[in-house]
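The following questions and answers concern one protein chain. Its sequence and model come first.

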Amino acid sequence: MMSRFVKDTSSCGGEGSAKGSSASEGPSQPSNHLDHEIAHLTKLGSEPHELLTRAAPGRSKLPISTVKMLVARETNHSGRGRFSSADGCHVLSRYLPITGPCRVDQMNSRAYTSQFSADGSLFVAGFQGSHIRIYNVNKGWKVQKDILAKSLRWTITDTSLSPDQQYLVYASMSPMVHIVNVGSAATESVANITEIHDGLDFSVDDNNDEFGIFSVKYSNDGRELVAASSNNSIYVYDLEAKRLSLQIPAHMSDVNTVCFADETGHLLYSGSDDNLCKVWDRRCFITKGQAAGVLMGHLQGITFLDSRGDGRYLISNGKDQTTKLWDIRKMSSTVIYPTTRDADWDYRWMEYPQKARKLRHPRDQSLATYRGHSVLRTLIRCYFSPTYSTGQKYIYTGSSDSSVYIYDLVSGAQVARLDYHDAPVRDCNWHPVYPMIISSSWDGDIVKWEFPGSDESPPIKRRKRRRKNYL
């Protein structure tokens, strides 16, 4: 049987040295490690050369110090004369970005979505009050583009930056997605006043079907958009042809999240309030809603998915207060709905019942389950940590209890919890290169967590936690 685990609070240690955060100290060794191919892939991608990992007789295996690795590199101990990518990941992943925070920006409306550009030079944050801001990370977080959105319904639900960093699309609870030229010289972009925000219509055949877009993503080549909607469908938009190219009746309820599985664009992953993750192969006939397979395990709706980028593994956040790790090779063609769902429970304003936390799906296909954070009030997002700096050895997630949680992917241990905000952290983003995390919260604050250096800004004073009822 595939091993699964939950957060082991006994292995989540004392206070870290950082203000406003906590982290486990020393090696954390829960009893139920993930025994699967992804554990071995993670080890290969984030552990140093075997000559540096041999434990002395009678001593347990400990993390290799950075100093020892540098000495070994200079003396060519491994015979390569340089660090491998795994050696580099091992060094960088030890320096968790848990110190701070330093405030990047403060707005008077809720932050709903955020992302780094692929190279980490830009950061995008979207707010409920129609604002999107693009920050130049390399120039002291200066606002490079201040965008006032058009035809906004309720909030900006998602944004996506094109791979060439020239265009940004933003969505709301409307079938119209808008596109902005972020490469233009203008700093301020007010929709159709200072700049044109072209509308991309995701409705079909002018049927005036009113629905919202919860999630929108660029393809790796920048030619297509994929979107998840409140009318149970997935859409693919051809940017070159300027038309909708595909609608998939994908789920039995709202589709909250969708993403490309890898750089080829052939596979899509989707997650819905019908509790299912689905895999879609665009090379097959999928217009009638026939998925390549389904992944069962969540007992409540799915709020977000993130692909590992290899077309095989993904993680999901669920309203059953868990993050799950999946291997699509375990997917099935049939669906079983357990009779455990409470039809009267609503995550937007109710706490998750204690008795429900003990329930398990009878056909859970996930590889691992991570517990500790809270997925309430809004569609909380989760991610794999960066490949370059960590070898994707962690997963991290926002939380409705106003924190950011970091888990070890293989052991399942909570390695850090970042506390500052006084409202749900809907989104959070790890810089693709540097040890830096940005948390984006409903309190309107965008704040930066880093590994301490010699020139970092002084941390801002920790907020006094105020309990609010967010509707």
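Q: What percentage of the residues of the chain count as buried?
A: This is a predicted model, in which local features need pLDDT of at least 70 and side-chain atom pairs pLDDT 80 or more, while totals for chains, interfaces and linings use all residues. Residues are numbered from 1 along each chain as its sequence is written, and side-chain values use heavy atoms, with hydrogens and water left out. Buried means under 20% relative accessible area, exposed over 50%, and partly exposed in between, with a 1.4 Å probe and protein chains only. Of the 471 residues of the chain, the buried share is 58%.

Q: How many helices and how many strands does the chain have?
A: Helices (H or I, at least four residues) and strands (E, at least two) are DSSP runs, numbered from the N terminus. On that basis the chain has four helices and 30 strands.

Q: Which residues have the most contacts inside the largest nonpolar core?
A: A nonpolar core is a set of buried Ala, Val, Leu, Ile, Met, Phe, Trp, Tyr and Cys residues joined through side-chain atoms within 4.5 Å. The largest one has 18 residues. Strands 25 (394-397), 26 (403-408), 27 (414-419), 28 (425-430) and 30 (445-450) each supply at least two residues of this core. Those with the most contacts inside the core are Ile406 and Trp430.

Q: Is lysine 448 buried or exposed?
A: Lysine 448 is found in strand 30. Leaving out residues up to four places away in sequence, lysine 448 touches Thr99, Pro101, Cys102, Val104, Trp141, Met436, Ile437 and Ile438, where contact means heavy atoms within 4.5 Å. With a relative accessible area of 14%, lysine 448 is buried.

Q: In strand 13, what is the bridge partner of valine 216?
A: Five of the six residues of strand 12 (residues 213-218) are buried, so strand 12 is largely enclosed by the rest of the structure. Two strands pair if DSSP finds at least two bridges between them; five bridges join strand 12 to strand 13 (residues 224-229), and the two run antiparallel. In the hairpin of these strands, with five residues between them, glycine 222 takes a positive phi near 75°. The partner of valine 216 in strand 13 is alanine 227.

Q: How many residues apart in sequence are the parts tied together by lysine 145 and glutamate 195?
A: A salt bridge is a side-chain nitrogen of Lys or Arg within 4 Å of a carboxyl oxygen of Asp or Glu. The side chains of lysine 145 and glutamate 195 meet in one (3.2 Å, N to O). Lysine 145 lies in strand 6 (residues 142-148) and glutamate 195 in the loop between strand 10 (188-190) and strand 11 (198-201), so the pair ties together parts whose separation is 50 residues.

Q: What relative accessibility does aspartate 158 have?
A: The side chains of aspartate 158 and lysine 217 meet in a salt bridge (3.0 Å, N to O). This pair links distant parts of the chain, with aspartate 158 in strand 7 and lysine 217 in strand 12, 59 residues apart. Aspartate 158 counts as buried, at a relative accessibility of 0%.

Q: How many of the nine residues of helix 3 are buried?
A: Helix 3 (residues 85-93) is mostly covered. Among its buried residues are Asp87, Cys89 and His90.
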